[in-house]
Amino acid sequence: MDHIFHQPQFGENWFTFPNLYTRFVNEFPSGSKFVEVGCWKGKSVSYWAVEIANSGKSITIDAVDTWKGSPDEEPHQNDVYVKTGRLYALFLSNISPVSNIINPVRLPSVDASALYKDSSLDVVFIDAGHSYNDVKADIHAWLPKVKSGGYLAGHDYPWSHNDDVKRAVDELLSPIEVTEGCWVYRKP
């Protein structure tokens, strides 16, 4: 299957970590469960799903987002799809070729984490709210859900707008790997 994330309806080019997503697909077997927290218009999660489809593995992804945009991030709040309440519809349209792999979960991050049993997920990738408190809350909520040997990772490390993501990650997780603008923590 050809990648679809380059199509213009996917919007902003904030997806900097294709090699990391490919690595996760290559590392984990069929039956694995991934979660992406903060999915916006579906660019990165669609890439991940196409990589899974091309691998021939049976891996599912839950896509967790409110599809309302982060309230403290101006590019989100000024987006026409957020202003008109059509962001979720755009997301569903964008992921339609890989909707058999992606399960949307329309909830705030911490609320959504309560849907999962502890040690039930292979990879959780966090790219939701970028404030210090949001990142800390996401790490606290999602880390227990990751299996031993699995990954908790996230984007914007460091983030050019502020160092909240880096500060929260550095306080809570060690050691981490830094790659493609992301932090990656392997759970012992």
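## A cluster of rings

In this predicted model, ring pairs join Phe5, Phe15, Phe17, Tyr21, Phe24, Phe28, Phe34, Tyr47, Trp48, Phe125 and Tyr151 into a cluster. A search of the whole structure finds 19 aromatic pairs.

Planes under 30 degrees apart would count as stacked, and planes over 60 as edge-to-face. Both residues belong to helix H1 (residues 18-27), where they are 3 residues apart, about one turn of the helix. Tyr21 and Phe24 are both buried.

The rings of Phe34 and Trp48 have centres 4.8 Å apart and planes at 15°, so the pair is stacked. This pair links distant parts of the chain: Phe34 lies in strand S1 (residues 33-37) and Trp48 in helix H2 (residues 43-55), 14 residues apart. Phe34 and Trp48 are buried.

## The whole chain

The protein chain has 8 helices and 7 strands. Its C-alpha trace spans about 40 × 40 × 30 Å along the principal axes. A compact globule of 188 residues would have a radius of gyration near 16 Å, and the 15 Å of this chain agrees with that. Of the 188 residues, 51% count as buried. Among contacts between residues at least 6 apart in sequence, 78% join residues at least 24 apart.

## Surface and charge

The accessible surface of the protein chain comes to about 8,500 Å², and 51% of it belongs to carbon and sulfur atoms. The chain has 17 positive and 24 negative charges, and the mean positions of the two groups are 5 Å apart.

Note on methods
Residues are numbered from 1 along each chain as its sequence is written. This is a predicted model: local features need pLDDT of at least 70, side-chain atom pairs count only at pLDDT 80 or more; totals for chains, interfaces and linings use all residues. Side-chain values use heavy atoms; hydrogens and water are left out. Helices (H or I, at least four residues) and strands (E, at least two) are DSSP runs, numbered from the N terminus. The radius of gyration is taken over C-alpha atoms; the globule rule is 2.2 Å times the number of residues to the power 0.38. Buried means under 20% relative accessible area, exposed over 50%, partly exposed in between (1.4 Å probe, protein chains only). Contact means heavy atoms within 4.5 Å. Accessible areas come from the Shrake-Rupley method with a 1.4 Å probe; for residues, only the protein chains shown count as cover. Lys and Arg count as positive and Asp and Glu as negative; His and the chain ends are not counted. The place of a charge is taken as NZ of Lys, CZ of Arg, CG of Asp or CD of Glu. Rings of Phe, Tyr and Trp (its six-membered ring) pair if their centres lie within 6.5 Å; planes under 30 degrees apart count as stacked, over 60 as edge-to-face and the rest as tilted.
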